[in-house]
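Good morning, everyone. Please have a look at the model on the screen. I will talk about its aromatic rings.

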Amino acid sequence: MELVLPLWLPILLSAAAVWIVSIIASMALPHHKQDWIGLPDEDGFMDYIRRSGIKPGNYLFPDFRTREAMKSEKVEKALKEGPVGHLSVWPTPLTMGDKMLGTFIVYLIVSTLIAYLTRVAIPGAAAFARVFQVATTAGILAYCFSSIPNAIWWGSYKRTIVANVVDGILYGAITGAIFAWRWPH
């Protein structure tokens, strides 16, 4: 704790800055506009979900979670011919506040871990460039690469992966700049 306690200000500032920039990037900038696509018969699909009583959760179709299911003709046919996918149903009413708070908490934890790593790598006073180098590298690792395995597994398009990596580089650079600016010199 003594390693990161003196860095409380850059931890808070970097978490807040990344949080604000992430909101702007996802809502206002054009590189995320194609992350999601609409359904051809959205109203009919939503009516079907309501009528079916599908509860909030993550669904897989076809359901091939067991070894036996993987060997079934139904699953083999679906994996060859489709459709194959996953469906996330969120609880309602949908609120943004809890998601935004949760995201800020994640950024706060990431900034705390970056502070710890940077303090271990640079135990004392250091030049701006050195702190920027270490903290930015840690930030890029945290913000760029954590989402790629999920994107690979859950079918995100290459364009989405590239957009997330661009965001991650920006978030890492913001974090590195704030740590370098507020580091003991």
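**Aromatic rings**

Let's start with F104, which is partly exposed, with a relative accessible area of 22%. Partly exposed lies between buried, under 20%, and exposed, over 50%, with a 1.4 Å probe and protein chains only.

A word on the basis. This is a predicted model, where local features need pLDDT of at least 70, side-chain atom pairs count only at pLDDT 80 or more, and totals for chains, interfaces and linings use all residues. Residues are numbered from 1 along each chain as its sequence is written, and side-chain values use heavy atoms, without hydrogens and water.

How many aromatic pairs does a search of the whole structure find? Five. Rings of Phe, Tyr and Trp (its six-membered ring) pair if their centres lie within 6.5 Å; planes under 30 degrees apart are stacked, over 60 edge-to-face, the rest tilted.

W19 and F104 form an edge-to-face pair. Their centres are 5.9 Å apart, with 80 degrees between the planes. This pair links distant parts of the chain: W19 is in helix α1 (residues 8-27), F104 in helix α5 (residues 97-121), 85 residues apart. Helices (H or I, at least four residues) are DSSP runs, numbered from the N terminus. W19 is partly exposed too, at 24% relative accessible area.

Next, a cluster. Y107, Y143 and Y171 form one aromatic cluster. S22, in helix α1, is in contact (heavy atoms within 4.5 Å) with Y107 and Y171, leaving aside neighbours within four places in sequence. Is S22 buried or exposed? Buried, with a relative accessible area of 9%.

Technical notes
Helix = DSSP H or I, 4+ residues; strand = E, 2+ residues; numbered from the N terminus.
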